[in-house]
Amino acid sequence: MTPFDYNTAGAIRPMLPDDLDAVLRIQILAYKPHLHESRTTFAEKLGLFPGGCWIGGRSVAYLFSFPWLQELGVGLNAPLGRLPATPDCLYMHDMAVDPAFHGCGIGRALAHTALASAKRMGFHRVMLTAVQESTGFWSRFGFKVVSGNSNRTLLRTYGDEERACLMIRDITAPDVRLLREV
Ligand SMILES: CC(C)(COP(=O)(O)OP(=O)(O)OC[C@H]1O[C@@H](n2cnc3c(N)ncnc32)[C@H](O)[C@@H]1OP(=O)(O)O)[C@@H](O)C(=O)NCCC(=O)NCCS
């Protein structure tokens, strides 16, 4: 596996509105069609919380995140409306890497960027909805599947076949690996 080379592949940088074309291109390559979200949905998230949106590796990867409430969950391709006044977690809504660059460490770099920013913002938890059999990837970064009464209605927006599941990372007890790499 080739390590992510920040000099040749491009570092992680904040997303700008002009990056949405690249986001839509990567989404088509990285996600099954039933998981696609609209430009409007992406643009709303970028507008509400630009500080949680990043582009990586010379526009071959992206990540959207925003302050949120654990109990609310987030539906697929659904508007947020507004951010909660008293958020209790950072929600990593969507991370994708162009398949031509999978295995180069770009996903790791994006995940660490979001976890580090959650810490800086003072959140104790980071939350996400895992799709496309990605729980193994997220568990490498300390995320654990939320069992029990997670929001079934919202998870169904990802499709019954998808087996989408909520995962949470408690960042008050960081693992050794994250401490070393962030
Ligand atoms: C999941 C995804 C973001 C990983 O990105 P990536 O850049 O290929 O990942 P990295 O190269 O940084 O891999 C980091 C580590 O995770 C491992 N890994 C990558 N994908 C994995 C997976 N699906 N399951 C388990 N481990 C995985 C890598 O082998 C690597 O291991 P190492 O530390 O031992 O070398 C990427 O495969 C992707 O975009 N998938 C399609 C979109 C998607 O499903 N996103 C997740 C939605 S919740």
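This is a predicted model: local features need pLDDT of at least 70, side-chain atom pairs count only at pLDDT 80 or more; totals for chains, interfaces and linings use all residues.
Q: OK. Which residues of H2 are buried?
A: H2 covers residues 20-30, and its buried residues are Val 23, Ile 26, Gln 27 and Ala 30.

Q: Why do they line one face of the helix?
A: Look down the axis of H2: its buried residues fall within an arc of 105°, so they line one face. The background is simple. An α-helix has 3.6 residues a turn, so residues three or four places apart point the same way.

Q: Which exposed residues sit on the face turned away?
A: Asp 21 and Ile 28 are the exposed residues carried on the face of H2 turned away from its buried side.

Q: And what covers the buried residues of H2?
A: The cover includes helix H3 (39-48), strand S3 (61-68) and strand S4 (89-97).

Q: Switching to the sheet. What's the strand order?
A: The order is S1-S2-S3-S4-S5-S7-S6. It is an open sheet of seven strands, with mixed pairing.

Q: Which are the edge strands?
A: Strand S1 (13-14) and strand S6 (144-145). Each pairs on one side only.

Q: How many bridges join S4 and S5?
A: Three bridges, in the parallel sense; S5 is residues 125-130. Tyr 91 has Met 127 in S5 as its bridge partner.

Q: Where does H2 pack on that sheet?
A: H2 touches strand S2 (53-56), S3 and S4. Its direction makes about 75° with that of S4.

Q: What about H3?
A: H3 also packs on the sheet, touching S2, S3 and S4. The direction of H3 makes about 60° with that of S3.

Q: New topic: the largest nonpolar core. Which residues touch the most other members?
A: Ala 61, Tyr 62, Leu 63, Tyr 91, Leu 110, Ala 114 and Val 126, out of 51 residues in that core.

Q: Which elements give two or more residues to it?
A: H2, H3, S2, S3, S4, helix H4 (106-120), S5 and strand S7 (165-170).

Q: What does Tyr 62 touch?
A: Leaving out residues up to four places away in sequence, Tyr 62 touches Met 15, Val 23, Ile 26, Trp 54, Ile 55, Gly 56 and Ala 96. Val 23 and Ile 26 are among the buried residues of H2.

Q: Last one. How many helices and strands are in the chain?
A: Seven helices and seven strands. Buried residues make up 37% of the 182 residues.

Conventions:
Residues are numbered from 1 along each chain as its sequence is written. Helices (H or I, at least four residues) and strands (E, at least two) are DSSP runs, numbered from the N terminus. A residue is buried if 20 or more other C-beta atoms lie within 10 Å of its own, exposed if 12 or fewer, and partly exposed in between; C-beta atoms are placed from the backbone. The arc is that of the directions from the helix axis to the C-beta atoms. Two residues are in contact if their C-beta atoms, placed from the backbone, lie within 7 Å. Two strands pair if DSSP finds at least two bridges between them. Axes are lines fitted to C-alpha atoms, for helices over the stretch in contact, and angles run from 0 to 180 degrees between N-to-C directions. A nonpolar core is a set of buried Ala, Val, Leu, Ile, Met, Phe, Trp, Tyr and Cys residues joined through C-beta atoms within 7 Å.
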